[in-house]
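Here are a few notes to read with the model open.

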Amino acid sequence: MNELVIFASGSGSNFRSIIDHITNGHLDAKILGLITNKAEIGAIDIAKQHGIPYRVFASAQFESTEAYELALLDQCVQWNPKLIICAGYLRKIPTILIQAYPNRILNIHPSLLPKFGGQGFYGIHVHKSVLESNETHTGCTIHIVSAEYDKGPILAQERLLVDPSESAEHLAKRVLKLEHQLYPRTIASYLNQLNHPTA
Ligand code: GRF
């Protein structure tokens with residue numbers, strides 16, 4: 001079975017879209033659990049609605065960064081997913097997790113990487129920067145998570161035309177709509193690739 005663990009820190013609309021694609025039969029996968037770094041976020045409400053287990057790991061709860069990272073790893077090892085799916089997770093993925101799940105952690109970013117990626121480029125800041133830079137196109141990127149922010153191998157991108165008169169909030173909504181289609185589709189094809197390496 002194609003088990004997934006979702007990492008999220010926000011409203012969880014990508015998380016919801018992945019659930020919907022599974023429910024509709026467009027993504028053959030099962031979600032084992034949600035990991036967040038914040039309590040009281042939309043993603044937790046979605047997990048509750050669907051009976052998906054969730055765990056909150058805030059680094060402040062732990063004595064050290066090492067203890068926090070080991071707790072995260074331990075939870076993932078317990079769930080034992082095929083893929084870890086970061087869907088708006090706003091903390092850096094610890095190196096021990098990347099080493100334990102080589103090429104098995106995916107992330108979505110709301111720009112056409114390598115443009116507008118890296119530390120500080122998250123949420124509305126990305127879209128503001130796109131507009132300020134007079135980009136003609138923007139979009140979203142799915143990539144494999146590596147040790148550096150937003151730098152891992154790119155699996156898929158979807159583009160749209162920027163309207164220079166639109167607000168960053170409007171652009172964010174349009175990009176998010178693309179994300180909701182591209183992420184489940186890319187997860188499905190990546191799982192297929194993992195399950196049939198020579199096909
Ligand atoms: C998305 O724009 C995603 O690209 C970025 O964080 C946002 C998460 O949105 N990494 P949501 O919580 O899935 O609604």
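**Notes on the model**

1. Asn 80 lies in the loop between helix H3 (65–79) and strand E4 (83–86); helices (H or I, at least four residues) and strands (E, at least two) are DSSP runs, numbered from the N terminus. Asn 80 has a positive phi of about 55° without being a glycine. With 54% relative accessibility, Asn 80 counts as exposed (over 50% is exposed, under 20% buried, in between partly exposed; 1.4 Å probe, protein chains only).

2. Before you go further: this is a predicted model, with local features needing pLDDT of at least 70 and side-chain atom pairs counting only at pLDDT 80 or more, while totals for chains, interfaces and linings use all residues. Residues are numbered from 1 along each chain as its sequence is written, and side-chain values use heavy atoms, with hydrogens and water left out.

3. Glu 40 also has a positive phi, about 55°, and is not a glycine. Look for Glu 40 in the loop between strand E2 (30–36) and helix H2 (42–49). Its relative accessible area is 81%, so Glu 40 is exposed.

4. One more for the backbone list: Leu 113 and Pro 114 are joined by a cis peptide bond, omega about 15°. Pro 114 is in the loop between E5 and helix H5 (124–132). For context, most residues other than glycine have a negative phi, and most peptide bonds are trans.

5. Now the ligand. Residues around the ligand (a heavy atom within 4 Å) include Gly 10, Ser 11, Gly 12, Ile 108, His 109 and Leu 176. By class, the shell has 3 nonpolar, 7 polar and 1 charged residues (Ala, Val, Leu, Ile, Met, Phe, Trp, Tyr, Cys and Pro count as nonpolar, Asp, Glu, Lys and Arg as charged, and the others, Gly among them, as polar).

6. Which atoms come up to the ligand's oxygens? A polar side-chain atom of Ser 13 is 2.5 Å from a ligand oxygen, a backbone N or O atom of Asn 14 is 2.8 Å from one, and a side-chain N or O atom of Glu 179 is 2.8 Å from one. The elements giving two or more residues to the shell are helix H1 (13–23), strand E5 (105–109) and helix H6 (168–195).

7. Asn 14 is in helix H1 and, at 7% relative accessibility, counts as buried. The side chains of Asn 14 and Glu 179 make a polar contact of 3.0 Å (N or O atoms within 3.5 Å; within protein, one must be able to donate a hydrogen and the other to accept it, and residues adjacent in sequence count only if both atoms are side-chain atoms).
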